[in-house]
Amino acid sequence: MRKNVGLKIFAILVFAFLLIPLLIIIVTSFGTNPTIQFPIKGFTFEWYSKVFTNESFTDSFSLSLEVAFIATLLALVIGVPAAYSLARHEVFGRNWIKSFFLSPTIVPGLVVGYAMYQFIVIKFQFPIIQGLLLGHFLICLPYVIRVVGSTIEQLDFSIEEVSWTLGCTKLQSFSKVVLPNITSGIFASFMLAFINSFNNIPVSQFLSGPGVTMLPTSLMNYIEYNYDPSVSALSVILMLGTIILMFIIEKTLGLASIS
Amino acid sequence: MTQRRIPYLILAPGLILLILFLVLPLISIIFPTFFNGGITFSNYTAFFLDEYNFGIFWRTIKVSLIATLICVVVGVPTAYYISQSPKKWRGLLMSITLFPLLTNSVVRSFAWITILGQDGIVNHALLTIGLISKPLTLLYTEFAIIIGSVYLFLPLMVITLVGILENIDSEIMEAAETLGANRLIAFVKVILPLSVPGIIVGSILVFTGSMTAYTTPQLLGGNRNIMLATFLYQNATALGNWQGASVIALIMIVATLIVMKLFNLIAGRLDKRGEVSA
């Protein structure tokens with residue numbers, strides 16, 4: 001391609017727009033001033049230790065990890081066989097069922113959270129934590145159906161037929177032939193579902209209560225009343241988490257697989 | 001058990017969970033909004049006739065529309081630049097685009113609080129060089145929500161478009177230039193029409209995303225610039241008006257569906273290759 005200076009400058013400005021706000025957060029997390037300042041005065045790690053000693057942060061962090069992990073596993077256990085069935089079996093109304101499985105992405109997250117809160121927590125008196133898990137399961141399921149589904153569709157059907165001919169039952173063939181061949185799809189959908197569950201706010205917003213608060217919600221509540229660099233410090237920690245995940249994905253599947 | 005039933009047994013757990021924990025909850029909140037003795041739409045007509053409520057609805061549409069337009073105008077050239085850059089750079093540029101997308105939206109909105117706030121970076125800089133004498137009100141405005149939404153969803157638009165533009169033969173551009181089009185005209189007449197499917201999918205994602213987002217209007221809009229999602233939350237919590245919250249919930253769902261249908265219709269008009277699915 002010949003050089004196109006105008007386009008290049010434009011693109012550089014856009015990348016700067018994407019990165020600079022996050023870089024500013026990183027810088028402000030080291031400032032000594034009790035409120036956020038830029039440029040900063042002094043240099044300290046104090047705000048990072050504040051984050052690790054703040055129980056509402058550490059508790060909600062482990063809750064977020066647990067919920068994201070369990071919800072993703074549940075979505076895989078239910079979603080992988082369903083995706084297989086939709087791809088391979090003759091199912092009446094296949095497209096409708098598939099759209100139905102993807103429907104949690106169409107209903108706005110806050111509406112999902114609100115409806116579940118009203119129905120499950122208020123009407124049927126489920127504990128909030130169960131509502132939270134189910135809500136996050138709904139977030140995760142569409143990623144499993146979509147990503148694993150397209151992986152299975154790309155898998156050559158004849159290798160399954162071969163395994164049947166050689167004496168495998170359908171179940172054996174699924175576990176010994178299909179599953180090992182779709183691990184990359186399962187891993188990609190695990191990553192996507194996990195990240196989206198961990199970062200989600202709207203669904204969790206209604207489904208939280210005393211002692212049951214997810215990290216993004218707890219960070220958001222903190223921001224409403226505080227403006228100190230510990231928010232920046234926690235943000236930097238979350239960004240480090242993002243970088244580690246991106247690195248893992250790049251090394252295993254390539255980032256292209258999730259975009 | 002016959003072989004024919006097996007697929008339905010495999011699909012059953014997921015279907016049952018979706019019905020129990022998504023469909024029934026939705027019906028249970030929406031159904032009562034149509035009953036007041038008999039069947040009635042009065043809750044909805046009342047919502048739209050109320051000036052305050054309609055103002056919130058209109059602001060939500062307006063902010064989402066502006067954010068979407070900005071994302072298209074900024075996103076298309078950026079995605080084109082990424083798709084045309086050499087392979088070794090493309091990975092890095094995609095990472096820069098993906099990184100904000102995978103970072104928590106609270107963090108991303110918070111960044112703009114530090115930039116736009118009363119003693120934020122912009123005001124600090126303008127005061128220091130003496131361009132203004134007292135801080136500008138940038139935060140807690142519609143402008144702040146628009147910037148925040150663009151920041152939130154631009155990566156989604158760019159990534160969607162890169163996927164489409166990568167498949168466009170770069171020789172097409174050269175052909176157009178050889179035939180006498182200058183670069184801008186070639187871009188508008190050749191690249192732009194070819195990227196329509198990507199623009200449509202990206203616009204659906206940005207528009208419905210901004211329209212239903214909760215974090216950004218909550219953190220950057222303040223109490224004066226409420227959007228539908230924050231209004232729903234306010235009704236359900238502070239105001240204790242569950243009926244009102246349910247009315248807003250259905251309005252948000254229907255608005256999302258209408259936007260998707262509308263964009264697909266536009267896509268059908270512009271692109272003869274048929275409907276784009278999002």
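This is a predicted model: local features need pLDDT of at least 70, side-chain atom pairs count only at pLDDT 80 or more; totals for chains, interfaces and linings use all residues.

Modeller: Residues are numbered from 1 along each chain as its sequence is written, and chains are lettered from A and ligands numbered from 1 in the order in which they are written.

Biologist: Why is α6(A) called roughly antiparallel to α9(A)?

Modeller: The axes of helix α6 (residues 128-154) and helix α9 (residues 183-199) of chain A cross at roughly 155° and come within 8 Å. Angles over 145 degrees count as roughly antiparallel, so α6(A) is roughly antiparallel to α9(A). Among the residues making the contact are A:His136 and A:Tyr143 of α6(A) and A:Ser189 and A:Asn196 of α9(A).

Biologist: What makes B:Met94 of α4(B) buried?

Modeller: A residue is buried if 20 or more other C-beta atoms, placed from the backbone, lie within 10 Å of its own. B:Met94 is buried, as are B:Thr97 and B:Leu98 of α4(B). The buried residues of α4(B) pack against elements of chain A, including α1 and α9, and of chain B, including α3.

Biologist: How many residues of chain A are in contact with chain B?

Modeller: Contact requires C-beta atoms, placed from the backbone, within 7 Å; 62 residues of chain A are in contact with 56 residues of chain B. Helix α1 (residues 5-28) of chain A gives the most to that side of chain A, with 13 residues.

Key: Two residues are in contact if their C-beta atoms, placed from the backbone, lie within 7 Å. Helices (H or I, at least four residues) and strands (E, at least two) are DSSP runs, numbered from the N terminus. Axes are lines fitted to C-alpha atoms, for helices over the stretch in contact, and angles run from 0 to 180 degrees between N-to-C directions. Angles under 35 degrees count as roughly parallel, over 145 as roughly antiparallel, 65 to 115 as roughly perpendicular and the rest as oblique. A residue is buried if 20 or more other C-beta atoms lie within 10 Å of its own, exposed if 12 or fewer, and partly exposed in between; C-beta atoms are placed from the backbone.
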